[in-house]
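Student: Could you walk me through reading the features of a model like this one? I'd like the general idea first, then the case in hand.

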Amino acid sequence: MIERDGQTECVNFTGADGVCTVLYASRLLPVPDARQFNASAYSSARPVTGQGGRGGAWFVETSTGQAVLKHYRRGGRAALLSEASYLYTGLARARSFAEYRMLAVLRCQDLPVPEPMAAFCLRFGLTYRAALLTRCIPEARSFADHIRQGDAPWAEAGALIARFHRAGAQHADLNANNILCNADGLHVIDWDKGRMRGRAGIWTGRVLARLQRSIDKECPMVDAAERSEGFQRLLAAHNEGLA
């Protein structure tokens, strides 16, 4: 079965492993199959490193260029039961589908996030596994890497975060590895569990506090006073952008 809305298509496959549903951008990809969501299907797949997280992401080469394939994985105590399976409560709430749509909404508002290419949900019984394919941000370095190298664009990062907050976009895990920098500017990745809020509010402070904790954790070799001074520049730019 294929459903169309003009830009996004949804196709179902039924096999021995269960029911596989794929949401994809038809202008970027031909009709995908389940194999495209396994890193082993790509001869040139290489793991994404240096961006934190729990692993489960690879750089892969598609028919329309380099992409990032991400498998959703659990952390904490839940991982003891199942590292990659989630309770199925409907396609709309599947992690991969929700992030695909979140990225599409943010890009419609001209915000710099990865372009979503396809979302995958493999349902078997009461559980499902998920994966997401997004266009790769080329030649990018993390904000954490720039901090360690002493050339972090603190004010630019604060202004960018303010743009997202003005739009009501709440990142669930904004950290120093989820802000990427390349020749085109700054980008924010990993919008799993992200939310669109009506307006900026108290939640923006929680997002920034999480980012500051991440910077302290990822960059302990940088002098604490230097980190603090840089973060104050980020906060000033953020607050000015929200004013």
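Predicted model: local features only at pLDDT ≥ 70, side-chain atom pairs only at ≥ 80, totals over all residues.

Student: Which residues of α5 are buried?

Tutor: In α5 the buried ones are W203, T204, V207, L208, L211, S214 and I215. They lie on the same side of α5, because the arc they cover around the axis is only 145 degrees.

Student: What span should α5 have, and what does the model give?

Tutor: Helix α5 covers residues 203-218, and at 1.5 Å a residue its 16 residues should span 22 Å. The end C-alpha atoms are 23 Å apart, which agrees.

Student: And how do the numbers come out for α4?

Tutor: The 13 residues of α4 should span 18 Å at 1.5 Å a residue, and the end C-alpha atoms are 18 Å apart, so the two agree. Its buried residues are W154, A157, G158, L160, I161, A162, F164 and H165. Just after α4 comes G168, with a positive phi of about 85 degrees.

Student: Where are D190 and K193 in the fold?

Tutor: D190 lies in the loop between β13 (185-188) and β14 (195-196), and K193 is found in the loop between β13 and β14 as well. D190 counts as partly exposed because its relative accessibility is 28%, while K193, at 58%, counts as exposed.

Student: Let's move to aromatic rings. How many aromatic pairs does the whole structure hold?

Tutor: A search of the whole structure finds five. To read one, look at the distance between ring centres and the angle between planes; planes over 60 degrees apart count as edge-to-face, and those under 30 as stacked. Y86 and Y128 sit 5.7 Å apart, centre to centre, with 35 degrees between the planes, which makes the pair tilted. This pair links distant parts of the chain, with Y86 in strand β7 (residues 86-87) and Y128 in strand β9 (residues 127-135), 42 residues apart.

Student: Are Y86 and Y128 buried or exposed?

Tutor: Y86 counts as buried at 5% relative accessibility, and Y128 counts as buried at 4%. Now take F143 and W154: their ring centres are 5.3 Å apart and their planes are at 80 degrees, so this pair is edge-to-face. It connects F143 in helix α3 (residues 143-149) with W154 in helix α4 (residues 154-166), 11 residues apart. F143 is buried with a relative accessible area of 0%, and W154 is buried with 7%.

Student: Which residues do ring pairs link into a cluster?

Tutor: Y86, Y88 and Y128. There's also a charge to notice around Y88: the charged end of R123 sits over the ring of Y88, 4.7 Å from its centre.

Student: Last one: how many disulfides are there?

Tutor: The idea is to check distances between cysteine sulfurs, with 2.5 Å as the cut-off. By that rule the count is zero. C136 is in no disulfide, and the nearest cysteine sulfur, that of C181, is 14 Å away. For C219, the closest cysteine sulfur is also in C181, and at 12 Å it is too far for a bond. As for burial, C136 is buried with a relative accessible area of 12%, and C219 counts as buried at 0% relative accessibility.

Methods:
Residues numbered from 1 in each chain as written. Heavy atoms only, no water. Phe/Tyr/Trp six-rings, centres within 6.5 Å; stacked < 30°, edge-to-face > 60°. Helix = DSSP H or I, 4+ residues; strand = E, 2+ residues; numbered from the N terminus. Buried < 20%, exposed > 50% of the residue type's maximum accessible area, 1.4 Å probe, protein only. Lys NZ or Arg CZ within 6 Å of the ring centre and 35° of its normal. Expected span 1.5 Å × (residues − 1). Arc of directions from axis to C-beta.
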